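Student: Here's a structure I've never looked at before. Can we go through it together?

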Amino acid sequence: MTFADLNLIDPLLRALEMLAYQTPTPVQAQAIPAALAGRDLLAAAQTGTGKTAAFALPALQNPANEETSVGPGDVRVLVLVPTRELAEQVFNSFCDYGHFLPLRGLVAYGGVSIGPQLKYLRNGTDLLVATPGRLLDLYQQRAFHFDEVRTLVLDEADRMLDLGFARELDAVFAALRHPHQTLLFSATFSADIRSLAGRLLHAPLQIDASPRNTAVSSVKQSLVTVDKKRKTELFCHLLKKHRWEQVLYLSAPKGCRHLLETLEYQGFPADASHGDKPQHIRQRALDRFKQGEISILVATDVAARGLDIDELPLVVNFDLPSVAEDYVHRIGRTGRAGASGVALSLVCADEAPMLRAIEQLIQQTIRRSEERGFSPEHRVPQTAPEGQQSKPAKRPSSSAKTGRAAAHGAKKAANPGRSKARSGGKASAAGQRKAKKNPTDRH
Ligand SMILES: Nc1ncnc2c1ncn2[C@@H]1O[C@H](COP(=O)(O)OP(=O)(O)OP(=O)(O)O)[C@@H](O)[C@H]1O
Ligand SMILES: [Mg+2]
């Protein structure tokens, strides 16, 4: 199959040729024709398998076929993502794929001045890629309206629909006109999120381009068991021993700060990216890492999802993430687009329940080892054999009230302030707790 077989218009085919994309990936082959036909989609495919083009190409083709140009405050395609760096990356992908199309587009996220974003949006845009918090700020300041949104894309849709973004997503769904097309994409969808999505979408086509919630096989996974207090020491030892050239090191915020100080003290070329840093510093750290100016990027889960770092060879998990699905996304920063990669996790005894939940999710036992001189005093128990495992903890899903039903009469409920009330005190409070646990960019 070729991209031409998918009925894409000539300017998009020319852009794909320029990017040297020869054949569509499985998720692209399944999603593009259905999205072009106007279907709602819930599409799951492993990390690094081209989901961005799978939603961006049809999302660009539909407005390109519109005869009228956008009016003041109009937005035709709205793409929501959980972090600022991902917003930047997804917008750049839209620019690449839409290179030969005369469309207007904007990326909007917090941590940078809102003024230029307000000004741009007031003239209307074909495409808006945004993080949810900044989107609502712009909406409340009447920079744009939802009336002309024909396509809504949620990238990393399971994260977008979990409680952390409930307030923002409730407001968006309440304000959208009916009907519109909704495209949900992620490498992981829990059963709860699938059922919530079922209520949000209209007769969706469900695409599973690979077995559900699995890690991509091009990533060689392993773990080293070690005592908690010796993880930083072990990492520095492994760095010296293996002379790793490029490593993305993922950790909770506290571990990030401590490790960066240690690495800087020992003279390793490292930088850090986490939610406490100003946005331009965060983006600069990522750019320097991508360009090979620094060999170690220490980051929180703000770097766990969606980021596409060309041929990144190694991801190290300082600690296991607090949500099993995030493990799949974290290790998916390597082994992308057919390349191979390595993912190594440093695991201590306290993390045994999380390890069990991860191994259950990915239906794989991760190869374990010990490093000489670092044998743990506290052993990490083996995961129980199949059938004897306890169930992994259930994740909370978004407000049950969110949904297309709620979107009826949208005009009346289009005030995000009301939507907050609609989410209910309980859901909002839980949302805030969740948002703290999962580093994402509300703004
Ligand atoms: N058909 C294709 N041919 C060649 N390369 C492609 C093709 N589609 C996508 N790619 C490249 O594959 C890489 C991964 O794509 P993308 O970032 O869209 O993956 P993803 O499925 O969204 O991953 P994640 O789940 O981590 O977000 C990118 O560098 C992209 O340019
Ligand atoms: Mg992606």
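**How the contacts and elements are called**

Tutor: Among contacts in the protein between residues at least 6 apart in sequence, 80% join residues at least 24 apart; a contact means C-beta atoms, placed from the backbone, within 7 Å. This is a predicted model: local features need pLDDT of at least 70 and side-chain atom pairs pLDDT 80 or more, while totals for chains, interfaces and linings use all residues. Residues count from 1 along each chain as its sequence is written, with chains lettered from A and ligands numbered from 1 in written order.

Student: What makes α3 largely enclosed by the rest of the structure?

Tutor: Buried means 20 or more other C-beta atoms within 10 Å of a residue's own (exposed is 12 or fewer, partly exposed in between; C-beta atoms are placed from the backbone). In α3, 12 of the 14 residues pass, so the helix is largely enclosed. Among them are Phe55, Leu57 and Pro63. For the protein, 48% of the 443 residues count as buried.

Student: Why are β3 and β4 called paired?

Tutor: Pairing takes at least two bridges found by DSSP. β3 and β4 (residues 125–130) have 4 and run parallel, so they qualify. One of the bridges links Gly105 to Leu127 in β4.

Methods
Helices (H or I, at least four residues) and strands (E, at least two) are DSSP runs, numbered from the N terminus. Two residues are in contact if their C-beta atoms, placed from the backbone, lie within 7 Å.
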